[in-house]
Amino acid sequence: GHEICGVFPQPDKPKNRGMKLQMPPVKEYALSVGLPVFQPARVRDGEALEILKGLEPELIAVAAYGKILPLEILELPRLGCINVHSSLLPKYREDETGVTIMVMAEGMDTGDILSQRATPIPIEENAAQLFERLAQMGAELLVETVAQIGAGAVTPVPQDESGSSHAPMLSREL
């Protein structure tokens, strides 16, 4: 129900033995459905900002982009920039997880929360299965939240900084 004016995936990266450039999956999908794709090498050199100014987005939605956007980009769209985050901010949990849709701020995962959906982590579920389930949940929650933003029916809730924590680095050891 929304017009997507552009998709900004990470740059193509060399993969496998031959180090052949491979497109990120979001780029492959965007191209397959005819969406315009933009891949500026950096988000802080001004190129991405100029492209976005030309596109005039009302809202920017980010998922797993891996870079902190500069303030000029965060302030550009009328309805703001939001992030689909695959955890229940502000604290990580071990027996349940979920998805948070949040307003993007200058810090890492520090913006106000717009919506959340929790789900238990079954003991038999592996990381790939959980990733797929969270991706689907995130997509559904994003669509619902964007509709609420458009209707002016969402109230941002500041994160409780006292409950925040950093997730530990993962390792192969048990």
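Me: Where is Met19 placed?
Reply: Met19 lies in the loop between β1 and β2 (20–22); strands are DSSP runs of E with at least two residues, numbered from the N terminus. This is a predicted model, where local features need pLDDT of at least 70, side-chain atom pairs count only at pLDDT 80 or more, and totals for chains, interfaces and linings use all residues. Residues are numbered from 1 along each chain as its sequence is written, and side-chain values use heavy atoms, with hydrogens and water left out.

Me: What about the phi of Met19?
Reply: Met19 is not a glycine, yet its phi is positive, about 50°.

Me: Is Met19 buried or exposed?
Reply: Met19 is exposed, at 51% relative accessible area (buried is under 20%, exposed over 50%, partly exposed in between, with a 1.4 Å probe and protein chains only).

Me: Now Ala64. Which loop is that in?
Reply: Ala64 sits in the loop between β3 (60–63) and α3 (71–74). Ala64 has a positive phi of about 50° too, without being a glycine.

Me: Why does Ala64 count as exposed?
Reply: Because its relative accessibility is 77%.

Me: Switching to Ser87. Buried or exposed?
Reply: Ser87 is buried, with 14% relative accessible area. Ser87 belongs to the loop between β4 (81–85) and β5 (96–103).

Me: What does the side chain of Ser87 contact?
Reply: The Ser87 side chain makes a polar contact with the His85 side chain at 2.9 Å (a pair of N or O atoms within 3.5 Å; within protein, one must be able to donate a hydrogen and the other to accept it, and residues adjacent in sequence count only if both atoms are side-chain atoms).

Terms used
Helix = DSSP H or I, 4+ residues; strand = E, 2+ residues; numbered from the N terminus.
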